[in-house]
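Please read them with the coordinates open.

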Amino acid sequence: AHTYSLVLQAVVDPDKRFTDLSCGEPGSMNSSKVLRRSNLFIKAQLEGQELFPKDYFLLGDSTYSSTSWLVSQFKDDKLTMSQRLFNKLHSSTHLVVVNAFSLLKARFRRLQHFSEQMNLCFMVNIIVSACVLHNICIDLDDVLIDDFKDSNLQKLDNNIKAGLIEDDIYMERRDLLFKYLQENKVI
């Protein structure tokens, strides 16, 4: 039996809506490469200041480097207490992403398994359509009967984690956020 997976890279807002999607790359592809091939990356590189002005940015998972428009966690074994608190605060926001994917998979169980051979384009259309319908369900306050609680969140498959670029040249956004949180005694 041949098995394969597809990557669904997504940006999720605080209400668990999918605001940007990139779907269809093979599951074996590195997340950073998936991002570099996405429309989000191209737009952010070309129109970064318009899309992400001074106080706006995306939070990215810990496996990626910070950029001018994307803030990731610190990646060192020898972090200061403030950096560890920053990472903890940062990772707590990731629960929204995990919950969004869990709700999507609970609403549309078909997404968890495609047993028959299908056209790749057709499968991508099914996945993206499910994301659009998921957003509509949220807009209409359609709640699942056993809505997910933090203690019952499902583990995300590595193939649906959002990716970020590897360049270290844009660390300033994370540093500014870190400094702001320190100055306001959050960390």
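1. A cut-off comes first: a residue counts as exposed when its relative accessible area is over 50%, as buried when that area is under 20%, and as partly exposed in between. With a relative accessible area of 64%, Leu 140 is therefore exposed. The model is a predicted one, and every value below is computed from it.

2. Overall fold. The protein has five helices and four strands. Along the sequence these run in the order β-β-α-α-β-β-α-α-α. Of the contacts in the protein with a separation of 6 or more, 66% join residues 24 or more positions apart.

3. Burial and surface. How much of the protein counts as buried? The share is 43% of the 187 residues. The accessible surface amounts to about 11,600 Å², and carbon and sulfur atoms hold 53% of that surface.

4. Nonpolar patch. Which residues make the nonpolar surface patch of about 370 Å²? They are Val 132, Leu 133, Ile 136 and Leu 140. Leu 140, already noted as exposed, is placed in the loop between H4 and H5. Helix H4 spans 120-139 and helix H5 spans 172-183.

5. Asp 141. Asp 141 is not a glycine, yet its phi is positive, at about 55°.

6. Lys 16. A positive phi also occurs at Lys 16, with a value near 75°, again in a residue other than glycine. Lys 16 belongs to the loop between strand S1 (6-12) and strand S2 (18-26). Is Lys 16 buried, partly exposed or exposed? Its relative accessible area is 23%, so Lys 16 is partly exposed.

7. Cysteines. How many disulfides does the model contain? The count is zero, where a disulfide would need a pair of cysteine sulfur atoms within 2.5 Å. Cys 121 has a relative accessible area of 49% and is therefore partly exposed. Cys 137, at 16% relative accessibility, counts as buried.

Methods. Residues numbered from 1 in each chain as written. Predicted model: local features only at pLDDT ≥ 70, side-chain atom pairs only at ≥ 80, totals over all residues. Heavy atoms only, no water. Buried < 20%, exposed > 50% of the residue type's maximum accessible area, 1.4 Å probe, protein only. Helix = DSSP H or I, 4+ residues; strand = E, 2+ residues; numbered from the N terminus. Patch = residues over 30% accessible without salt bridge, like charges linked within 9 Å, V, L, I, M, F, W, Y side chains within 5 Å. Areas by Shrake-Rupley, 256 points an atom, 1.4 Å probe, with all protein chains shown as cover. Salt bridge = Lys/Arg side-chain N within 4 Å of Asp/Glu carboxyl O. Contact = heavy atoms within 4.5 Å.
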